[in-house]
Amino acid sequence: MDDHRRSIIKNWKLLVEGEKQGLYTCFNLFYDDLYRFGLSLYRDPELIKESIQNLFIELWAIRDKLANVGNIQQYVFTIYKRIIYKTHQKSFSNDPDRKLPLEEVEEEMLSVKSYESILIASQEDEYLKKRLKYALAKLTPRQKEIILMRYFECLSFKDIAHKTLLTERTVYNTLHSAISALRENLLFIWPFF
């Protein structure tokens with residue numbers, strides 16, 4: 001387990017216990033990834049900043065229910081996706097013609113540049129799960145193994161290298177090739193689902 005993940009787990013526990021320092025540290029640990037993910041959905045920096053604040057306000061409010069969260073990163077991004085959508089809708093509440101239907105948010109998720117975002121969003125979206133499963137099946141066994149370790153088990157390059165007996169550089173290159181293959185496969189199968 002890398003230091004970043006260890007720090008998330010430690011501070012998440014503090015947040016759950018009602019320690020504000022845990023909340024502030026989790027905010028700092030997640031901020032950059034949440035900001036990039038938000039910008040991949042909406043090109044509105046102010047909306048993104050407001051949504052991140054709303055996310056941590058909500059996490060603090062429901063902290064007593066967070067003790068049994070298994071995959072913290074997945075949980076945070078799932079809630080964040082809902083909050084950013086609600087915050088966006090709220091900003092256009094006075095103009096019903098400018099509202100973006102939830103179905104279009106899902107379609108937009110399929111076309112974002114960050115394929116890491118697609119991997120995270122796939123946990124919630126059944127349609128995308130089918131497409132991703134199909135695309136993953138097209139990868140080599142080694143590519144699939146490294147994708148699963150990196151994005152579903154949240155392992156560092158160092159941990160993956162240790163588990164697979166590969167060098168970190170080989171892990172990085174294999175992951176890069178796998179993501180390129182996923183991109184092609186996801187684009188290729190777009191009309192068929």
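## Reading the angles

Helices here are DSSP runs (H or I, at least four residues) numbered from the N terminus, and angles run from 0 to 180 degrees between N-to-C directions of axes fitted to C-alpha atoms over the stretch in contact.

This is a predicted model, where local features need pLDDT of at least 70 and side-chain atom pairs count only at pLDDT 80 or more, while totals for chains, interfaces and linings use all residues. Residues are numbered from 1 along each chain as its sequence is written, and side-chain values use heavy atoms, leaving out hydrogens and water.

## Helix 8 meets helix 9

Let's look at helix 8 (residues 141-152) and helix 9 (residues 157-164), which pack at about 135° with their axes 10 Å apart. The two are therefore oblique to each other.

In contact (heavy atoms within 4.5 Å) are Arg-142, Glu-145, Ile-146, Met-149 and Arg-150 of helix 8 with Phe-157, Ile-160, Lys-163 and Thr-164 of helix 9.

## A look at Thr-164

Now pick out Thr-164, a residue of helix 9. Thr-164 counts as buried because its relative accessibility is 8%, and buried means under 20% relative accessible area (1.4 Å probe, protein chains only).

The side chain of Thr-164 comes to 2.7 Å from the backbone oxygen of Ile-160. Leaving aside residues up to four places away in sequence, Thr-164 touches Arg-142, Glu-145, Met-149 and Val-171.

Conventions. Parallel < 35°, antiparallel > 145°, perpendicular 65-115°, else oblique. Buried < 20%, exposed > 50% of the residue type's maximum accessible area, 1.4 Å probe, protein only. Polar contact = N/O pair within 3.5 Å; in protein donor to acceptor, adjacent residues only side chain to side chain.
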